[in-house]
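Take a look at the model below.

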Amino acid sequence: MLAGEATPKAIAERLRQSLGRDSQWINGLAKRYAQEFARGTRPRAKAVVEFLVTDAGFNGAYARSKVKPAVVDRFSSPAEMLPVRAAAKWEIPAIETEGALATWLRATSEELEWFSDFKRFGARSREEKLRHYNYRLLAKPGGSVRLIEAPKQRLKQMQRAILTGILERIPAHSVAHGFVKGRSIKTFAAPHIGQHVVLRMDMRDFFPSIRSARVQALFRTAGYPERVADLLGGLCTTATPGHVFSTKLVSNPEFTADPLAMFHAWQTYAYPHLPQGAPTSPALANLCGYRADCRLSGLARAAGATYTRYADDLAFSGGADFDRCVERFAIHAAVILLEEGFEVNHRKTRVMRRGVRQYLAGVVANEHLNVIRADFDRLKATLTNCARLGPASQNREGHANFGAHLAGRISFVQMLNPQKGARLKKIFEQIAWPEGE
């Protein structure tokens, strides 16, 4: 399939070479094709067929022709890498056939078909052995739910290969700071230090709102042929069996969630989406949100504001001019996100001016970056009790490696405030850990 960015001249020349002859109708068809698929993403074969069926010029030429040209085949073959202009410099492997993809992933074609699960056998099956994911349902504050979908070993191996071999070689937008090498919560919050006003927004159901069609379109944009792009998208997305939600409620009576929230989650996860728990999902979420980041960056520049994003947390900040329009700005930003397929969790939208605590993703950003005082006090109390009473008395959430969990939280504090982090580390070193931890 010719990429949408191809010029009418290039499309016409390709058709002449493929058909082995020249006709006046080819130039007109090429021009209309370029106009129809001007967005740049490599179109699907189905979209090309629909275009040709409804194109009056082509149908007239086809009816008059004594030798019927197989124009659809000329548009769609041979299979080759056809990236859009912006993706031409991406150093990603050229994979042009299903067999080549199987070889690259060290798998068979049958395995690719099975794990891609286009027919949703996994979503319809109640057999644990037939599923590709393990599920864990968590209750969030306010009655909503979050589903962790962890791929099983073989699928995770293929996803890691896709992550390191393809996704990590595609640059994320400069405003994206989550799951990007060299960036962190610290770089996400730093641009907003000392600002007159900070606007914080949150996207609802960030990972499951990204459907498989968008993921497959990303791979076609990178240049992969339709079949390869579909398989790559299928390996990175999943549809969740509906009984996962009801089984959890029956087996764990202590699990409390709002019934409407459970119904919403069942509807959200029923369609192929990015699973929260797959190694490829964070990178794909950033790349699929690239267009939204571009539009929000432009909106922020027009309002004299700064914009950064950490996964589903969005932050905007600016001076007095931005303060005067921040409420209207939030509405425009929400509309952009809605147009791009995302939904804002309006309950978490906050306008934070000077004089109140301006915090972003658990980081205070008023005058300098710092950890939230209440979080620091709770962690300090936990460490102190571990040193006095033993770590088992404080591991109420049942962490398999409680020591590593606490060390990670201390490292987070050290990143933001080295002095406070050193104080916590000193207490941590006084804890008597059981053998093996």
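How many aromatic pairs does the structure hold? There are 15 in this predicted model.

A pair of aromatic rings is described by the distance of the centres and the angle of the planes. Take Tyr 307 and Phe 316. Their ring centres lie 4.8 Å apart and their planes meet at 15°, so this pair is stacked. The cut-off for stacking is under 30 degrees. Tyr 307 is buried, at 6% relative accessible area. Phe 316 is buried too, at 0%.

Now turn to Phe 428 and Trp 433. Here the centres are 5.6 Å apart and the planes stand at 50°, so the pair counts as tilted. Trp 433 is partly exposed, with 24% relative accessibility.

Some rings gather in a group. Phe 179, Phe 188, Phe 206, Phe 207, Tyr 310 and Phe 342 make up one aromatic cluster. Phe 342 also has a charged neighbour: the charged end of Arg 214 sits over its ring, 4.8 Å from the centre. Arg 357 does likewise with Tyr 359, its charged end sitting over the ring at 4.7 Å from the centre.

Now step back to the whole chain. The protein chain has 20 helices and 10 strands. Its C-alpha atoms fill a box of roughly 90 × 60 × 40 Å along the principal axes. Of its 437 residues, 46% are buried. Among contacts with a separation of 6 or more, 72% join residues 24 or more positions apart.

The chain carries 63 positive and 41 negative side chains. The centres of these two sets lie 2 Å apart.

Notes:
Residues numbered from 1 in each chain as written. Predicted model: local features only at pLDDT ≥ 70, side-chain atom pairs only at ≥ 80, totals over all residues. Heavy atoms only, no water. Phe/Tyr/Trp six-rings, centres within 6.5 Å; stacked < 30°, edge-to-face > 60°. Buried < 20%, exposed > 50% of the residue type's maximum accessible area, 1.4 Å probe, protein only. Lys NZ or Arg CZ within 6 Å of the ring centre and 35° of its normal. Helix = DSSP H or I, 4+ residues; strand = E, 2+ residues; numbered from the N terminus. Contact = heavy atoms within 4.5 Å. Lys, Arg positive; Asp, Glu negative; His and termini not counted. Charge placed at Lys NZ, Arg CZ, Asp CG, Glu CD.
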